[in-house]
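These are my notes on a single protein model. I set down what I looked up, in the order in which I looked.

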Amino acid sequence: LNPAEDSQIWRLHYSGSKDKEQLTALQTNLAKTEELLKSPDIQKNPLTLERVKSRLIGTRESLPTFGGTADPNTVLTLARELQTAEPSGVATYSLISALIFKAHTELKSRDPNYAALADKTHLSLSPQELITLLLERGGNTANAIRENPNIREAVNIIIATNRRYTDSPQS
């Protein structure tokens with residue numbers, strides 16, 4: 001481990017100078033993941049299929065961070081299909097992430113303050129972190145976040161998941 005080297009890597013990341021390179025790597029990864037989904041071996045193994053679909057969702061959500069595009073409706077549809085086919089912790093997390101990604105996209109197009117902060121912090125804060133930060137700060141943007149139906153659904157899923165784990169019988 002070399003702290004000076006690590007510091008340089010992060011400086012390059014936050015400067016945006018590696019965005020094109022990162023986007024190319026993500027697009028390559030996305031193409032490979034989409035190809036994996038076609039494999040009969042993957043299709044036959046539910047756990048592996050779940051992991052590949054989850055990776056596909058996460059990769060698509062990452063594209064806009066580095067200048068690419070991703071349709072939030074397509075991402076959310078994939079996540080809902082995954083949750084329906086294989087309800088699990090991985091599928092639930094993918095659905096929550098897709099709901100937040102869709103809300104983030106909607107908020108960027110509807111709320112100029114949110115859009116400005118999202119653009120300024122896109123390399124340092126994930127949509128979930130930005131949304132959490134803005135909710136904690138309060139104000140009009142926080143109200144817009146709270147009113148977003150995708151955020152409401154994500155929060156309800158988180159609450160239900162937490163109840164499922166905390167309400168289970170103690171051994």
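**Entry 1. The largest pocket**

I began with the largest pocket of this predicted model, for which I noted a volume of about 710 Å³. I then listed its lining, which comprises 29 residues; Glu61, Ser62, Thr65, Ser126 and Pro127 are the closest to the pocket centre.

Which helices supply at least two residues each to the lining of the largest pocket? I found α4 (46–62), α6 (89–110), α7 (112–121) and α8 (127–137). I recorded α6 as the source of the largest share, with eight residues of the lining.

I also sorted the lining by residue class.

**Entry 2. The whole protein**

I turned next to the overall fold. I counted 10 helices and zero strands in the secondary structure. Read along the sequence, I wrote the pattern as α-α-α-α-α-α-α-α-α-α.

For the dimensions, I took the box filled by the C-alpha atoms along the principal axes, which is roughly 40 × 40 × 35 Å. The protein has 171 residues, and I noted that 34% of them count as buried.

**Entry 3. Helix α1**

I checked the length of helix α1, residues 3–15, against expectation. At 1.5 Å a residue, its 13 residues should span 18 Å, and I found its end C-alpha atoms 18 Å apart, so the two values agree. I also looked at what follows α1 and found Gly16, whose phi is positive, near 85°.

**Entry 4. Ala154**

I located Ala154 in helix α10, residues 149–166.

Is Ala154 buried or exposed? I read a relative accessible area of 3% for Ala154. The cut-off for a buried residue is under 20%, so Ala154 counts as buried.

Which residues does Ala154 touch, if those up to four places away in sequence are not counted? I listed Ile96, Leu99 and Ile100. For a distance across the sequence, I took Ala154 and Pro72, which lie 82 residues apart in sequence; I found them 14 Å apart in space, C-alpha to C-alpha.

Terms used. Residues are numbered from 1 along each chain as its sequence is written. This is a predicted model: local features need pLDDT of at least 70, side-chain atom pairs count only at pLDDT 80 or more; totals for chains, interfaces and linings use all residues. Side-chain values use heavy atoms; hydrogens and water are left out. On a 1 Å grid over the protein atoms alone, a cavity is a set of points where a 1.4 Å probe fits but cannot get out, and a pocket is an open set with protein on both sides within 12 Å along at least five of seven lines; lining residues have an atom within 4 Å of a point. Grid points are joined across faces, edges and corners, and a volume is the space filled by probe spheres set on the points. Helices (H or I, at least four residues) and strands (E, at least two) are DSSP runs, numbered from the N terminus. The expected span of a helix is 1.5 Å times one less than its number of residues. Buried means under 20% relative accessible area, exposed over 50%, partly exposed in between (1.4 Å probe, protein chains only). Contact means heavy atoms within 4.5 Å.
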